[in-house]
Amino acid sequence: MMRGLSWLILTIVSPTFRIASWLKPADEGRRSIRIVKLNFLYLTIALLTVAGLIFVLADDAQMLRTHGFPLWWLWGWFLWSRCAEVLIAFYRDAMDQLISKTAGSDLTAAWRVRLALNSYVELIIDYALLYTLLPTKMWCLVPVRISQALWISASTITTSGNAGFAPASPLPQFLMGCEIVGGVILLVVCFALYAGGKADERRPEATEDRSD
């Protein structure tokens with residue numbers, strides 16, 4: 001029963017994570033290809049979306065908040081789903097490698113670092129769009145431009161502050177906290193994979209030195 005409940009909660013929190021699980025085949029080789037394609041697809045969608053909104057709306061965040069508001073909750077759910085999916089997926093992958101030394105795909109460390117960095121950029125954009133969609137009353141100082149929301153997101157994920165735009169509601173505070181955690185996990189994964197890859201490269205040389 002607990003397993004079914006956790007499955008339901010995970011599906012509600014991040015339906016894109018569940019969809020990705022269904023789309024990924026059992027074969028490790030094909031699974032790796034699907035992971036790479038989905039990663040680049042979502043990054044491309046995020047880049048085109050934010051660039052298109054800045055161009056079409058002349059970088060006006062207020063227009064994004066006021067026009068077509070009934071549909072924003074659905075879009076916001078998708079954005080949050082992607083943010084949660086990135087956090088869950090990379091956390092699980094890191095734990096699988098630490099505990100069992102295996103992963104759900106045959107992706108190399110180099111590819112995992114690349115995907116993590118792609119997701120890092122996507123998180124900046126997705127959280128920026130979420131901040132833009134939040135009502136103005138949730139901010140002490142409202143980001144009036146989409147580019148300002150991008151700056152808030154980039155400052156938050158790098159833990160360098162929130163660019164002076166202090167949240168006045170628990171929801172943006174929660175989102176900022178999740179963005180920091182997601183960014184830290186991605187950077188830790190990148191560092192661990194990079195360091196591990198360098199260690200693997202040096203190990204044969206060290207063995208040869210000892211044999212001499």
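The protein chain has eight helices and zero strands, where helices (H or I, at least four residues) and strands (E, at least two) are DSSP runs, numbered from the N terminus. Read from one end to the other, that gives the pattern α-α-α-α-α-α-α-α. Keep in mind that this is a predicted model, in which local features need pLDDT of at least 70 and side-chain atom pairs count only at pLDDT 80 or more, while totals for chains, interfaces and linings use all residues. Residues are numbered from 1 along each chain as its sequence is written, and side-chain values use heavy atoms, with hydrogens and water left out.

Let's begin with burial. Here, buried means under 20% relative accessible area, exposed means over 50%, and partly exposed is in between (1.4 Å probe, protein chains only). Of the 212 residues of the protein chain, 40% count as buried.

In soluble globular proteins, nonpolar side chains tend to be buried together.

Now for the aromatic rings. Rings of Phe, Tyr and Trp (its six-membered ring) pair if their centres lie within 6.5 Å; planes under 30 degrees apart count as stacked, over 60 as edge-to-face and the rest as tilted. By this rule there are five aromatic pairs. In one of them, Phe40 and Trp111 have ring centres 6.5 Å apart and planes at 75°, so the pair is edge-to-face. Phe40 sits in helix H3 (residues 28-56) and Trp111 in helix H6, so this pair ties together parts that are 71 residues apart in sequence. Both partners are partly exposed: Phe40 has a relative accessibility of 32%, and Trp111 has 31%. Another pair is Tyr127 with Tyr131, whose ring centres are 6.2 Å apart and whose planes are at 35°, so this pair is tilted. These two tyrosines both lie in H6, four residues apart, about one turn of the helix. An α-helix has 3.6 residues a turn, so residues three or four places apart point the same way. Tyr127 is buried at 2% relative accessibility, and Tyr131 is buried at 0%. Together with Trp139, Tyr127 and Tyr131 form one aromatic cluster.

The charged end of Arg114 sits over the ring of Trp111, 4.4 Å from its centre. For a charge to sit over a ring, NZ of Lys or CZ of Arg must be within 6 Å of the ring centre and within 35 degrees of the ring normal.

What about cysteines? A disulfide is a pair of cysteine sulfur atoms within 2.5 Å, and by this rule the count is zero. Cys83 is in no disulfide, and its nearest cysteine sulfur, that of Cys178, is 8.7 Å away. Cys83 is buried, with a relative accessible area of 3%, whereas Cys140 is exposed at 58%.

Over in H5, Trp73 counts as exposed, at 58% relative accessibility. Trp73 and Leu134 are 61 residues apart in sequence and 9.8 Å apart in space, C-alpha to C-alpha.

Finally, have a look at two loops. Most residues other than glycine have a negative phi, and most peptide bonds are trans. Asp59, in the loop between H3 and H4, has a positive phi near 65°, and counts as buried at 12% relative accessibility. In the loop between H7 and H8 you'll find Thr159, with a positive phi near 55°.
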